[in-house]
Amino acid sequence: VSTQSTWGSLKVSKPRGVFSTDGPAPVLLDDSELRREFAKYDRDGNGTIDKEEFKSIYKSLEDFGNPFHSETVDQLFEKVDTDRSGKLTFDEFSVLMLRRAAL
């Protein structure tokens, strides 16, 4: 049995009973889907997502009733940017997407 939801344009499958997890169901995301999402927000194509590109992700969610607060997004960016480069790598972006999809 599985359920599906979307986050932005990313489709997320949540099969039940396949793996043990701390949450209600594990989240499986296809690497190619993650890479497509990453490329969509990496607008300048340099292989990273800078803070302005990152903010565009959250601004796009305003249309779905999620208010955009620049300070909150800045704080989230700082948490996700684990190497403190000021840009998100694909790996950092993937961790965020996997965490968000699990909610």
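Analyst: The answers below set computed values against the cut-offs behind each term.

User: What kind of model is this, and how many helices and strands does the protein chain have?

Analyst: This is a predicted model. The protein chain has four helices and four strands, and along the sequence these follow the pattern β-β-α-β-α-α-β-α. Of the 103 residues in the chain, 37% are buried. The accessible surface comes to about 6500 Å², with 50% of this area belonging to carbon and sulfur atoms.

User: What makes Phe-38 and Phe-90 an aromatic pair, and why is the pair called edge-to-face?

Analyst: A search of the whole structure finds three aromatic pairs. In one of them, Phe-38 and Phe-90 lie 5.6 Å apart from centre to centre, with 90° between the planes. Ring centres within 6.5 Å count as a pair, and planes over 60 degrees apart count as edge-to-face, so both terms apply to Phe-38 and Phe-90. This pair links distant parts of the chain: Phe-38 is in helix α1 (residues 31-41) and Phe-90 in helix α4 (residues 90-102), 52 residues apart.

User: How do you know that Phe-38 and Phe-90 are buried?

Analyst: Phe-38 has a relative accessibility of 8%, and Phe-90 has a relative accessible area of 13%. Buried means under 20%, and therefore both Phe-38 and Phe-90 are called buried.

User: Which type of aromatic pair do Phe-38 and Phe-93 form, and what does this pair tie together?

Analyst: Phe-38 and Phe-93 form an edge-to-face pair, at 5.4 Å centre to centre and with 70° between the planes. Because Phe-38 lies in helix α1 and Phe-93 in helix α4, the pair ties together parts that are 55 residues apart in sequence. Phe-93 has a relative accessible area of 0% and is therefore buried. Phe-38, Phe-90 and Phe-93 form one aromatic cluster.

User: What makes Arg-35 a charge over the ring of Phe-90?

Analyst: Arg-35 lies over the face of Phe-90, at 3.9 Å from the ring centre. The distance cut-off for a charge over a ring is 6 Å, so the value for Arg-35 and Phe-90 falls within it.

User: Which residues touch the most other members of the largest nonpolar core?

Analyst: The core has 20 residues, of which Ile-49, Phe-54, Tyr-58, Phe-93 and Leu-96 touch the most other members. Helices α1, α2 (51-60), α3 (70-80) and α4 each supply at least two residues of this core. The largest share, five residues, comes from α4. In soluble globular proteins, nonpolar side chains tend to be buried together.

User: What is Ile-49 in contact with, beyond its neighbours within four places in sequence?

Analyst: With those neighbours left aside, the contacts of Ile-49 include Phe-38, Phe-54, Phe-77, Leu-88 and Phe-93. Tyr-41, Asp-42 and Lys-87 are also in contact with Ile-49.

User: Why are the buried residues of α3 said to be on the same side of the helix?

Analyst: The buried residues in α3 are Val-73, Leu-76, Phe-77 and Val-80. They cover an arc of only 105° around the axis, which puts them on the same side of α3. The face turned away from this buried side carries the exposed residues Glu-71, Gln-75 and Lys-79.

User: Why is Ser-56 called buried, and which residues does Ser-56 touch?

Analyst: Ser-56 lies in helix α2. The relative accessible area of Ser-56 is 11%, under the cut-off of 20%, so Ser-56 is buried. Not counting residues up to four places away in sequence, Ser-56 touches Tyr-41 and Arg-43.

User: Why is Arg-84 called exposed, whereas Glu-62 is called partly exposed?

Analyst: Arg-84 has a relative accessibility of 56%; exposed means over 50%, so the term applies to Arg-84. At 41%, Glu-62 falls between the cut-offs of 20% and 50% and is therefore partly exposed. Arg-84 lies in the loop between α3 and β4 (87-88), and Glu-62 is found in the loop between α2 and α3.

User: What is the phi of Arg-84?

Analyst: Arg-84 has a positive phi of about 55°, although it is not a glycine. Most residues other than glycine have a negative phi.

Key
Residues are numbered from 1 along each chain as its sequence is written. This is a predicted model: local features need pLDDT of at least 70, side-chain atom pairs count only at pLDDT 80 or more; totals for chains, interfaces and linings use all residues. Side-chain values use heavy atoms; hydrogens and water are left out. Rings of Phe, Tyr and Trp (its six-membered ring) pair if their centres lie within 6.5 Å; planes under 30 degrees apart count as stacked, over 60 as edge-to-face and the rest as tilted. Buried means under 20% relative accessible area, exposed over 50%, partly exposed in between (1.4 Å probe, protein chains only). A charge sits over a ring if NZ of Lys or CZ of Arg is within 6 Å of the ring centre and within 35 degrees of the ring normal. A nonpolar core is a set of buried Ala, Val, Leu, Ile, Met, Phe, Trp, Tyr and Cys residues joined through side-chain atoms within 4.5 Å. Contact means heavy atoms within 4.5 Å. The arc is that of the directions from the helix axis to the C-beta atoms. Accessible areas come from the Shrake-Rupley method with a 1.4 Å probe; for residues, only the protein chains shown count as cover.
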